[in-house]
Amino acid sequence: MNRIPLLAALLSAALILPAAQASTPAKSAKPAKPAAEAAAPQEKVVYHVNDSSLARIAMRNVENHVNASPDAKIVVVTHGKGIDFLLNDAKDDKGAFAPQVAGLKEKGVEFRVCRNTLKGRNLDDSAVIMEAQVVPSGVAEIGKLQAREGFVYLKP
């Protein structure tokens, strides 16, 4: 069987058919929505905190982000020294962290704490405030959010 004529016929049909369809108005076709009306994908951001000395700055960034984009999906992932502000009774010179974390949680922000870090410090999950979720690995969580779930990475 000679495939060249068949291939040429298919290519011709592919080129002619769209042109013919474009010149014939469709009777039941609905007009396309303008680009501005098309549904935009949800904004998804992971904030990486591995140093609690930056926790206040990170939470201020997250608050500003939530205020600017209330529908954004924001996850704060902590590991290493970054988990300290999510431990029970954590505070700094400005006071306890828990009220600020709870306020952000109410606005939909998620907080995740690395279990590997907890184990390395001989702490169990109960050491973490109730607003935070413990995950097996902080760095693996960040990788998963970026690679599998399409999150943008931010490091305050």
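I started with what pairing means: two strands pair if DSSP finds at least two bridges between them. I also kept in mind that this is a predicted model.

**The sheet.** I looked up the strand order and found five strands in an open sheet, running β6-β5-β2-β1-β7 with parallel pairing. I noted that β6 (132-135) and β7 (152-154) each have a single partner strand and stand at the edges, so one side of each is left without a neighbour in the sheet. On average, neighbouring strands here are turned by 30° against each other, ignoring direction.

I checked β5 (residues 110-114) with β6 and got four bridges, in the parallel sense. Phe 111 has Ala 132 in β6 as its bridge partner.

I found several buried residues in α2, among them Ala 55, Met 59 and Val 66.

**Two helices.** Then I went for the pair α2 and α3. Their axes come within 11 Å and cross at roughly 25°. Angles under 35 degrees count as roughly parallel, so α2 and α3 are roughly parallel to each other. I wrote the crossing of α2 and α3 down as left-handed. Where do they meet? From α2 the contact uses Arg 56, Met 59, Arg 60, Val 62 and Glu 63, and from α3 it uses Gln 100, Val 101 and Leu 104.

Methods: Residues are numbered from 1 along each chain as its sequence is written. This is a predicted model: local features need pLDDT of at least 70, side-chain atom pairs count only at pLDDT 80 or more; totals for chains, interfaces and linings use all residues. Side-chain values use heavy atoms; hydrogens and water are left out. Axes are lines fitted to C-alpha atoms, for helices over the stretch in contact, and angles run from 0 to 180 degrees between N-to-C directions. Buried means under 20% relative accessible area, exposed over 50%, partly exposed in between (1.4 Å probe, protein chains only). Angles under 35 degrees count as roughly parallel, over 145 as roughly antiparallel, 65 to 115 as roughly perpendicular and the rest as oblique. A crossing is left-handed if the near helix is turned anticlockwise from the far one by less than a right angle, and right-handed if clockwise. Contact means heavy atoms within 4.5 Å.
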